[in-house]
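Dear colleague,

Below is the structure I promised to hand over, followed by my notes on what was found in it. Please read the notes with the coordinates open beside them.

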Amino acid sequence: MLSKVETQHETIDADIVFAGAGPAGLSAAIHLRQLIDRHNLTSPERMIEEPELLVLEKSRHSGGHLLSGALLDPCSLKRLFPDFIERGCPVETGVSDESVWFLTRRNKIPLPYLPEPFRNDRSLVISISKFGSWLQRQAEELGITVLDSTAVMEPVIEEGRVTAIRTDDKGTGKNGQKKPGAEPGLQINTRTLVVGEGSRGSIFRQLDERFGLQPQNVAQIYETGVKEVWKVPEGRVKAGDVHHTFGYPLPSSVYGGGWIYAMTDTSVSLGFVSTAEPDNPTIDPHWNLQQFKLHPFVTSILEGGSLLEYGAKTITSGGYHAMPALYGPGFLLVGETAGMVNMQRLKGIHLAISSGMLAAETLFAALLNDDFSAEGLKDYARRFEMSDAHSELHAARHYRQAFNDGLYSGLVKAGLKLSVPGLKRTERSSPKERLKPGNRAYESFVRKRENFRPDGRLTFSRSDDLYASATRHEEDQPCHLKISPDDISAICAVQCREEYGNPCQYFCPAGVYEIDHDATPVLRLNPSNCLHCKTCDIADPYGIITWTPPEGGGGPDYKTC
Ligand code: SF4
C-alpha cells in the first residue's frame with residue numbers, strides 16, 4: 001500500500017514514478033521488478049525491500065493513446081520476455097512481403113533494391129494499442145501499480161532536483177469553478193521520476209525549460225502521422241504485406257511518406273507521415289492522408305472496404321544528434337521522450353523497450369547502493385552508450401537531417417550513405433511570403449482544400465474521421481490548449497491571419513481550430529476533439545499554443561491501431 005502523508009494536496013509516496021504507460025515506461029517498471037525479484041532470490045543476504053513502483057497513464061487504459069505504424073522488431077522484447085509468445089503477446093502476424101514505392105499521381109515505381117536498414121523481414125505486425133494493454137497486464141501480474149485516467153501535470157522541483165509530481169485535478173469546470181465531487185490532484189513524492197510520455201510531452205517540456213535538456217545547436221524534428229484502420233474485401237492483401245511509399249501527394253520539398261500494413265487478410269492499417277514544422281505550417285496531415293488514399297494503388301486495396309479507426313500522433317524524428325540529455329537530477333527520460341526513434345527504419349518500439357530496460361538497470365543499481373543522486377543516475381547514459389540501441393541510432397544519425405534540403409537530395413544522401421556536413425537546417429524561401437493570403441501559392445493551397453469533397457466511402461472529412469477515433473473529453477473543464485486572450489486577439493486575428501492565413505485550421509488533424517470569418521475573424525476552439533497529437537504545439541509559427549494534458553481519462557480510445 002502507498003503510505004499517506006498529510007500536506008496541502010493529498011500526498012503519497014512511491015519509490016519510483018513512471019509518467020506514461022507506453023512500451024518504454026512499462027518495460028522500465030517490469031524489468032526493474034524482474035531484476036529485484038531475481039536478486040532477492042539469488043542473494044537473500046542482500047535482500048532489497050520491495051519498492052513501490054507506480055505507473056501513471058492519462059488515457060482510460062494503457063494502449064488507449066498508442067497509435068503507430070506498428071512494425072515491431074522483437075529484439076528487445078525477447079530480452080524482456082523470452083517467452084512473449086507463450087504469454088499471449090498480441091502479434092497479428094510476421095512480415096511476409098515488403099516493398100517500397102515511389103508514387104507519382106497515377107503510377108507506382110518500385111525501389112529496385114531494399115537497403116538493409118529498410119528491411120523488415122524479422123519484424124512483427126502488431127497493434128501497438130493491444131500491445132500496450134498486454135504490457136500493462138504483465139506489469140500488474142508482477143505487482144506493479146498502474147493508475148489509468150491520471151495525467152501527470154507538473155514535476156515538483158526542490159533544491160534543484162525533481163522530488164515529486166502532481167497529477168490532474170478532477171472536477172474543475174470551464175471557468176475554474178469546482179464542480180460537485182471535485183478532487184484536487186495528488187502530490188506523489190518519488191526518489192526518481194521516469195518520463196516516458198512519448199513525443200513532445202508536457203513534463204519533458206517543463207524539465208527542458210528548467211534544466212536545458214535539448215542540445216543547443218540541433219533542433220528536434222517532428223512529423224505528424226495520421227492513420228486509419230480499414231476492413232478490406234478478401235483478396236486485396238495477404239496478412240504480413242508491408243508497403244512503404246514516398247512521393248505523391250507531397251511535393252519534393254516536404255518530408256513524408258505513406259505506409260500500408262496488412263494486419264490480417266482482411267484488415268489493413270494505413271497512414272501518412274507529414275513533417276510538422278513551424279517554418280512551413282500549412283502542412284495538412286489529414287488532407288495528405290485523404291489524397292494518399294486517392295492514389296490508384298491505395299484505392300485498389302481499400303475500395304469496397306470500411307473505416308474502423310482513425311488517429312494521429314507526432315513522431316520525434318531528429319534522431320541521434322537531436323536527442324536530449326537522458327537524465328537529470330531526480331529523473332530519467334525513456335523511449336520517444338528521449339528521442340529514441342530510428343526514422344531510417346521507421347521504428348521506435350524496440351528502442352523504447354531497450355531504453356526502459358537500461359533505465360531499470362540503472363534504477364536497480366541505485367536501489368542496491370541507495371544512491372539516487374544525479375551521479376548515480378548518470379549511469380543510464382553510460383549504459384546507453386554501450387548498448388545496441390546506441391549503435392543503431394548512431395548508425396542512422398545523419399538520416400533525417402539529410403532530407404532537410406528536400407526529397408531527392410535526401411534520397412541520394414541517405415541512399416548512398418554520404419556523410420552530411422553540418423546539421424544546420426537549410427533555410428528555404430521565406431514561408432511568411434509564400435503563405436500569405438493573396439500569394440498565389442497560398443491561394444492555390446486553400447482552393448485545393450475548399451474544392452475537396454470527401455465521398456464518405458474512401459475519403460472522409462475531419463469530423464467523420466474523428467468519430468472513428470472515439471475521442472471524448474469531459475466538456476466542462478478548463479481548455480487544455482493554452483493560448484492567451486491577448487495572443488488570440490493580436491496574433492491569431494491579425495498577424496497570423498496576414499502572414500500565414502491561420503494554418504492551425506490545416507495542421508490540426510482533428511479540426512480543433514476553426515476561424516469564424518463572420519465580421520472580425522475569431523479563433524474558435526473545439527478542445528474536446530483533441531487527439532493529443534501535439535502538432536499544434538510544434539507547428540504553430542509563433543509558439544503561442546501550449547498543449548497541456550486535459551483531465552485524465554480524456555482523449556482518443558484506440559483499440560486496434
Ligand atoms: Fe493535435 Fe493540437 Fe489538434 Fe489536439 S489540438 S489534435 S494536439 S493539433
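Leu-466 is placed in helix 14 (residues 462-467), where helices (H or I, at least four residues) and strands (E, at least two) are DSSP runs numbered from the N terminus. Before going further, please note that this is a predicted model, in which local features need pLDDT of at least 70 and side-chain atom pairs count only at pLDDT 80 or more, while totals for chains, interfaces and linings use all residues. Residues are numbered from 1 along each chain as its sequence is written, and side-chain values use heavy atoms, with hydrogens and water left out.

With a relative accessible area of 9%, Leu-466 is buried; buried means under 20% relative accessible area, exposed over 50%, and partly exposed in between (1.4 Å probe, protein chains only). Leaving aside neighbours within four places in sequence, Leu-466 is in contact with Tyr-310, Thr-471, Ala-510, Asn-529 and Leu-531, contact meaning heavy atoms within 4.5 Å. The C-alpha atoms of Leu-466 and Glu-392 are separated by 36 Å, the two residues being 74 residues apart along the chain.

His-295, in the loop between helix 5 (285-293) and helix 6, counts as buried at 1% relative accessibility. Not counting residues up to four places away in sequence, His-295 touches Leu-103, Thr-104, Arg-105, Arg-106, Asn-107, Lys-108 and Tyr-248. From His-295 to Thr-150 the C-alpha to C-alpha distance is 41 Å, and these two are 145 residues apart in sequence.

**Aromatic pairs and charges over rings**

A search of the whole structure finds 11 aromatic pairs, where rings of Phe, Tyr and Trp (its six-membered ring) pair if their centres lie within 6.5 Å, and where planes under 30 degrees apart count as stacked, over 60 as edge-to-face and the rest as tilted. Among them is the tilted pair of Trp-101 and Phe-297, at 5.7 Å centre to centre and with 55 degrees between the planes. Because Trp-101 lies in strand 6 (residues 97-103) and Phe-297 in helix 6 (residues 296-302), this pair ties together parts that are 196 residues apart in sequence. Trp-101 is buried at 13% relative accessibility, and Phe-297 is buried at 12%.

In Tyr-500 and Tyr-542 the ring centres are 5.7 Å apart and the planes stand at 85 degrees, so the pair is edge-to-face. Tyr-500 is in the loop between helix 15 (485-499) and helix 16 (504-507) and Tyr-542 in the loop between helix 17 and strand 25 (546-547), so the pair ties together parts that are 42 residues apart in sequence. Ring pairs also link Phe-81, Phe-131 and Trp-134 into a cluster.

Lys-108 lies over the face of Trp-101, at 4.4 Å from the ring centre, and Lys-534 lies over the face of Trp-547, at 4.9 Å from the ring centre. A charge sits over a ring if NZ of Lys or CZ of Arg is within 6 Å of the ring centre and within 35 degrees of the ring normal.

**The ligand shell**

The ligand is surrounded by 14 residues, of which the closest are Cys-508, Cys-530, Cys-533, Lys-534 and Cys-536; a residue is near a molecule or strand if one of its heavy atoms lies within 4 Å of it. By class, this shell has 11 nonpolar, 2 polar and 1 charged residues, with Ala, Val, Leu, Ile, Met, Phe, Trp, Tyr, Cys and Pro counted as nonpolar, Asp, Glu, Lys and Arg as charged, and the others, Gly among them, as polar.

**Backbone details to check**

The peptide bond from Tyr-248 to Pro-249 is cis, with omega near 5 degrees. His-532 has a positive phi of about 65 degrees although it is not a glycine; this residue lies in the loop between strand 24 (522-525) and helix 17 (535-539), and is buried, with a relative accessible area of 8%.

**Confidence**

The protein averages a pLDDT of 90, and 92% of the residues score at least 70, pLDDT being the predictor's confidence in each residue, from 0 to 100. Over residues 1-7 the pLDDT stays under 50, and over residues 416-429 it is below 50. Where pLDDT is low, the predicted coordinates should not be read in detail.

With kind regards
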